[in-house]
Amino acid sequence: MKSLFSGIGWLFSKAWWLLDGTRRALMNLLVLLLIAIVVIALLTRGPKPLAEKTTLVVKLDGSLVEQFSGSAREQLLAEAQGRGIARQTRLRDVLAVLEQAAKDDKISAVLLDTDELGGAGLAGLHEVGAALQRFRKSGKPVLAYGDNYSQRGYFLAAQASEVYLHPMGMVMIEGFGRYRTYYKDALDRIGVKPNLIKVGTYKSFAEPYTSTGPSPATLEAEGLVYGELWQGFTGSIEAARKLQAGSIAQGIEELPQRLAAVNGDAAQLALQGKLVDGLKTRDQMRELLISKGARDEQSKSFRQVSLGEYLAHVKDAGAPNTLQPGVGIVVAEGEIVDGDAGPGRIGGDSTARLIRKAREDEGIKAVVLRVNSPGGSAFASEIVRRELELTRQAGKPVVVSMGDVAASGGYWISLSSDAVIADAGTITGSIGVFGMLPTAEGLMDKLSLHTGGVTTTWLAGGGYDPRRPLDPRMQAAVQSGIDHIYARFTGLAAQARKSTPEKIDTVAQGRIWTGNQARERGLVDRIGSFDDAVQTAVQLAKLEVKAGEKPRLVYVERDMSRSERLLASLGDVLAPSLIQALGLDGLPAPVMQELAVLRDLARMSARGQWERAAVVHCLCGAP
């Protein structure tokens with residue numbers, strides 16, 4: 001028996017020796033593989049050299065944004081949940097690539113692809129359109145090709161030297177405007193009262209919850225804004241394509257008759273209307289690009305480099321330092337919220353830290369705040385504005401560059417600056433304040449639910465309780481707070497614009513304006529691009545920049561730490577959405593976003609933060 005056990009023990013020891021040896025060998029091979037990958041990466045790092053007659057393919061994929069929003073974790077989570085990944089193209093990358101390519105002898109042409117272009121505001125479109133025109137001035141052509149052209153995509157395609165369309169494609173130019181969903185009757189039916197408290201005749205953010213349709217003031221304000229933006233939009237296309245003024249509007253009015261005349265062939269209609277220069281299939285377009293550039297034998301197509309690949313070739317002047325100072329860029333894009341927020345939203349605390357970081361950097365002599373926001377929390381807006389005020393007091397100039405939207409809270413954070421530069425198509429203004437304290441006493445009755453208890457004061461528990469009718473004393477208190485914030489808003493605007501609160505009030509009241517209209521009314525200093533804002537900052541800071549060179553720029557940004565990423569991941573697991581739990585996540589996205597407003601305001605007020613229920617938001621966006 002003893003010999004039997006010893007034999008079994010010997011077999012186990014040999015098996016363990018073999019298993020352990022195999023494990024060690026595999027681990028060593030893995031380490032060697034990792035070392036080899038690192039060495040190869042170090043030896044081959046840097047952009048791949050370009051051959052002569054290379055075509056730069058500028059494919060605008062997804063939304064055109066000032067900064068990427070969301071993290072890699074959020075993208076993986078979205079993909080795992082089947083929600084898809086929000087694709088984005090960063091505006092500054094497109095501008096940098098086109099500028100570098102114009103000077104690059106290896107780049108012979110640009111192919112513009114806007115088939116997958118999603119959201120883009122007018123300011124961003126104007127920036128890219130101007131960059132395409134500058135590229136053309138280098139003597140190199142820009143060719144646009146699309147299976148179809150959306151309204152935004154065609155605006156950019158029109159700036160090209162040649163525009164081509166697939167024979168089964170179409171150019172869809174629709175016009176500007178929107179239809180909202182109005183929830184008043186639905187809320188009445190389920191027994192929910194929004195309890196709107198506001199200042200501003202034109203402050204229309206909350207109208208979907210309190211009305212069954214737009215007010216005359218809303219129709220007046222939005223009609224004026226959309227009318228001017230549409231006129232500028234069509235005028236730019238007509239000028240670029242050398243079309244008669246008004247021809248696009250006329251084409252839309254006569255669309256049914258014109259389309260019938262070409263037997264429903266939308267591509268032929270675009271060709272007849274001189275919106276495109278030719279109709280080509282994809283293979284025909286490839287042959288055209290080969291003839292204008294060079295053939296790539298490996299891909300059997302034209303020699304090309306993508307926007308992402310060419311970014312590695314873009315020359316950077318380097319970050320500012322004490323020996324070669326420069327300008328700090330802080331991007332403020334998205335909703336304005338209290339506390340911290342990641343890229344794609346403006347956190348009062350997190351954005352203030354970025355501004356403070358720029359102020360305390362000795363190499364940064366001026367700050368440009370790039371604003372693309374419809375507003376949000378009044379409290380968070382003031383936190384950001386105050387940090388900019390401190391930056392100016394420290395002797396560093398602040399210049400605001402307005403993007404697609406800089407309205408309400410987006411305008412508030414622009415009020416501590418030495419210069420405000422907007423795009424002609426920027427939507428700004430909306431100087432107004434509102435708050436909502438939604439209550440569901442009707443819903444409680446429908447469900448036969450009741451509340452009761454004892455409190456020492458009327459504020460304790462009953463000042464605001466979404467289960468009970470809103471106490472008139474609470475409504476009066478909040479109205480006083482809203483009035484005070486509006487007075488502060490107009491007072492800050494008057495101080496910044498060297499005006500008076502009374503004069504500001506005449507152009508405020510929650511009304512939106514285009515960049516041009518805002519300049520005419522003294523709400524911004526001038527119309528210009530992001531580069532104009534940078535040059536203004538350089539001049540104000542008296543920076544010395546050599547002729548033919550660009551100033552040193554640094555985008556002041558912050559990445560999440562490992563612990564923050566871990567906590568965010570736990571939050572996704574431990575805090576499932578109530579909306580998903582109720583099965584309401586199948587509603588259209590705009591409806592979900594608007595209903596979320598009631599949820600967030602109720603949540604804040606229920607925490608006893610009703611003084612922060614004041615919102616400076618315009619519910620406006622790029623057309």
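## Cavities, a pocket and a helix pair

About 50 Å³ of space lies in the second largest cavity. The model is predicted. What lines the second largest cavity? Its lining is made of L64, V65, E66, L91, A120, G121, G124, E333, N372 and D404. Four of these lining residues are nonpolar, three are polar and three are charged.

How many cavities of 30 Å³ or more does the count give? It comes to four. The largest cavity has a volume of about 80 Å³. Its lining includes R178, Y202, S204, T218, A221 and E222. S430, G510, R511, I512, C618 and C620 also belong to the lining of the largest cavity. Helix α8 (residues 216-240) gives the largest share of this lining, three residues.

| Space | Volume | Nonpolar residues | Polar residues | Charged residues |
|---|---|---|---|---|
| Largest cavity | about 80 Å³ | five | four | three |
| Second largest cavity | about 50 Å³ | four | three | three |

Now the pocket. Helix α3 gives the most to the lining of the second largest pocket, with 10 residues.

Next, the helix pair. Helix α3 spans residues 91-103, and helix α4 spans residues 122-136. The two pack at an angle of about 10°, with their axes 9 Å apart. Angles under 35 degrees count as roughly parallel, so α3 is roughly parallel to α4. On the α3 side, the contact is made by L91, V94, L95, L98, A101 and A102. On the α4 side, the contact is made by G124, E127, V128, A131, L132 and F135. By class, the contact of α3 with α4 has 10 nonpolar residues, one polar and one charged.

Conventions. Residues are numbered from 1 along each chain as its sequence is written. This is a predicted model: local features need pLDDT of at least 70, side-chain atom pairs count only at pLDDT 80 or more; totals for chains, interfaces and linings use all residues. Side-chain values use heavy atoms; hydrogens and water are left out. On a 1 Å grid over the protein atoms alone, a cavity is a set of points where a 1.4 Å probe fits but cannot get out, and a pocket is an open set with protein on both sides within 12 Å along at least five of seven lines; lining residues have an atom within 4 Å of a point. Grid points are joined across faces, edges and corners, and a volume is the space filled by probe spheres set on the points. Helices (H or I, at least four residues) and strands (E, at least two) are DSSP runs, numbered from the N terminus. Ala, Val, Leu, Ile, Met, Phe, Trp, Tyr, Cys and Pro count as nonpolar, Asp, Glu, Lys and Arg as charged, and the others, Gly among them, as polar. Axes are lines fitted to C-alpha atoms, for helices over the stretch in contact, and angles run from 0 to 180 degrees between N-to-C directions. Angles under 35 degrees count as roughly parallel, over 145 as roughly antiparallel, 65 to 115 as roughly perpendicular and the rest as oblique. Contact means heavy atoms within 4.5 Å.
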